[in-house]
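Visitor: Hi! Could you walk me through the charged pairs in this one, and then whatever else comes up?
Guide: Happy to, let's have a look.
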Amino acid sequence: MPHHIAPEVIIDGTLYTLLAFSVVTWTLILFKIWQFTKNSFYNRAFNKAFWDAANLEQAKTLPVEVARGPQARIAQQGFAWMSESQQSEGQSLKYRGVPSELLEHSLLVQMQQEQHAMESGLTMLASIGSTSPFVGLFGTVLGIMHAMHEITASGSTSLDVVAGPIGDALVATAIGIAVAVPAVLAYNFFLRRVKQQRAGLENFVVSFMHIASSDECQR
């Protein structure tokens, strides 16, 4: 016969699950705050240095301490493509086509990689935010059922006997909501930051394409 799992074990397991959700949530929140703050700082520094450069050759050789962050990686991808394209001279299928369109595609691929990095962890926050209340409710239902069995076994239905176990069971729902709220708020906040930084990267791609096209025309 299969072993009977005590309700206390399931209820405790529910609470430990919610605790793990909370730890993951706050770990992700701290990491994403650090990630977005770092990206913003790097992008501002690189953007200023890039547009202060006299030409693309000077912008290509910016010092390492400045050439960091998503925008810098997009620019580096553009510089690498332009250099490899000139060396290839159409011998590779990778560089056959309209140069401006191929360069734009290369920049957009790198931008998508940067967006994926910024979006990492957001799915987990959304999942925790949507499931935590139900996990807490599951623990509450089991807790109430277990409390009812104990009350029935004791033979007493007085308020003093009923209130304690039922109140303890409701704690699971409260914990589930307490875990869900930060996760949902953080998800919405970071999703907005992703959109803002993506808009900045899109603007940089357009500007880089314009400068690269102008540089080609001058040659």
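Guide: Let's start with Arg73, which counts as partly exposed at 36% relative accessibility. Keep in mind that this is a predicted model.

Visitor: What does Arg73 form a salt bridge with?
Guide: With Glu114; the closest N and O atoms of the two are 2.7 Å apart. The pair links distant parts of the chain, with Arg73 in helix 3 and Glu114 in helix 4, 41 residues apart.

Visitor: And is Glu114 buried or exposed?
Guide: Glu114 is buried, because its relative accessible area of 7% falls under the 20% cut-off.

Visitor: Which other residues of helix 4 are buried?
Guide: Among them are Leu103, Leu107, Met111 and Met118. Helix 4 covers residues 99-119 and reaches 30 Å from its first C-alpha to its last, close to the 30 Å expected. After the helix comes Gly121, with a positive phi near 95°.

Visitor: Back to charges: how many salt bridges are there in the whole structure?
Guide: A search finds three. Another one joins Lys48 and Asp52, at 3.0 Å from N to O. Both lie in helix 1, four residues apart, about one turn of the helix. Lys48 is exposed at 57%, and Asp52 is exposed at 52%.

Visitor: What about Glu202?
Guide: Glu202 pairs with Arg198, their closest N and O atoms being 2.9 Å apart. They sit about one helical turn from each other because they are four residues apart in helix 6.

Visitor: Switching topic, which residues form the nonpolar surface patch?
Guide: Phe134, Leu137, Val141 and Met145, with about 400 Å² of accessible area together. Val141 lies in helix 5 and is partly exposed, at 41%.

Methods:
Residues numbered from 1 in each chain as written. Predicted model: local features only at pLDDT ≥ 70, side-chain atom pairs only at ≥ 80, totals over all residues. Heavy atoms only, no water. Patch = residues over 30% accessible without salt bridge, like charges linked within 9 Å, V, L, I, M, F, W, Y side chains within 5 Å. Areas by Shrake-Rupley, 256 points an atom, 1.4 Å probe, with all protein chains shown as cover. Salt bridge = Lys/Arg side-chain N within 4 Å of Asp/Glu carboxyl O. Helix = DSSP H or I, 4+ residues; strand = E, 2+ residues; numbered from the N terminus. Buried < 20%, exposed > 50% of the residue type's maximum accessible area, 1.4 Å probe, protein only. Expected span 1.5 Å × (residues − 1).
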